[in-house]
Amino acid sequence: MKIFTTQTQGLVDKLAQYEEDLEDAARVIAQSIISDGKIFWYGEHELKGVVSQACVGEDKWKGSLRADEETTFSKMDTFIVATRNLSGAVISSLIERASEVGANVIAIYSNKESVKEFNLFEKVDFSFCTGVVHGLVPMESGQKIGRPHLLVALQLYYQLYFSVMEILEEHDELD
């Protein structure tokens, strides 16, 4: 367990590289909330846990909703996708539609290699890579297990959450 904890902490420490971008993304999210826009979330695989936290968790933001293939965006909205890989028809469609109307787009993803194949990256306003690409704990067989996609993505969520809440408090917008 110690190696998993140490390796996970290393991934979390690397998120410090995003400090300024996280603050800027938090301002964008806060602006959507203050202007009565919505925060749409879409997650895949285990990263649906980030969406659950954002939409129904105890530490959620006002106006957070789950996005699906039928979601209609406005320019006041922010769309946040949490996924291992930035690929797939649903993700591409949602990002394209959000971007077309001027909604802000934020991506939380794990696989940097998927960005090379992702032709809509220029439509993403802020992107945060968790750095999780393989298991962290080596087995005797040589296999590595323990991919903390959700743990690191939730760390990003909370960094955004605390910054957004601070901004909302400054503007007397907390419920």
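**A salt-bridge tour**

Start by selecting lysine 123, which counts as partly exposed because its relative accessibility is 25%; the class lies between buried (under 20% relative accessible area) and exposed (over 50%), with a 1.4 Å probe and protein chains only. You are looking at a predicted model, where local features need pLDDT of at least 70, side-chain atom pairs count only at pLDDT 80 or more, and totals for chains, interfaces and linings use all residues. Residues are numbered from 1 along each chain as its sequence is written, and side-chain values use heavy atoms, leaving out hydrogens and water.

Lysine 123 sits in the loop between helix 5 (113–117) and strand 5 (126–129) and glutamate 96 in helix 4, so the pair ties together parts 27 residues apart in sequence. Helices (H or I, at least four residues) and strands (E, at least two) are DSSP runs, numbered from the N terminus. Glutamate 96 is partly exposed, at 24%.

Next, select glutamate 46 and arginine 84, whose side chains form a salt bridge at 2.8 Å, N to O. This pair links distant parts of the chain, 38 residues apart: glutamate 46 is in the loop between strand 1 (39–43) and helix 3 (48–56), arginine 84 in the loop between strand 3 (78–83) and helix 4 (89–100).

Finally, go to helix 2 (residues 19–34), where arginine 27 and aspartate 24 lie 3 residues apart, about one turn of the helix. Their closest N and O atoms are 2.4 Å apart in a salt bridge. The structure holds 3 salt bridges.

Methods: Salt bridge = Lys/Arg side-chain N within 4 Å of Asp/Glu carboxyl O.
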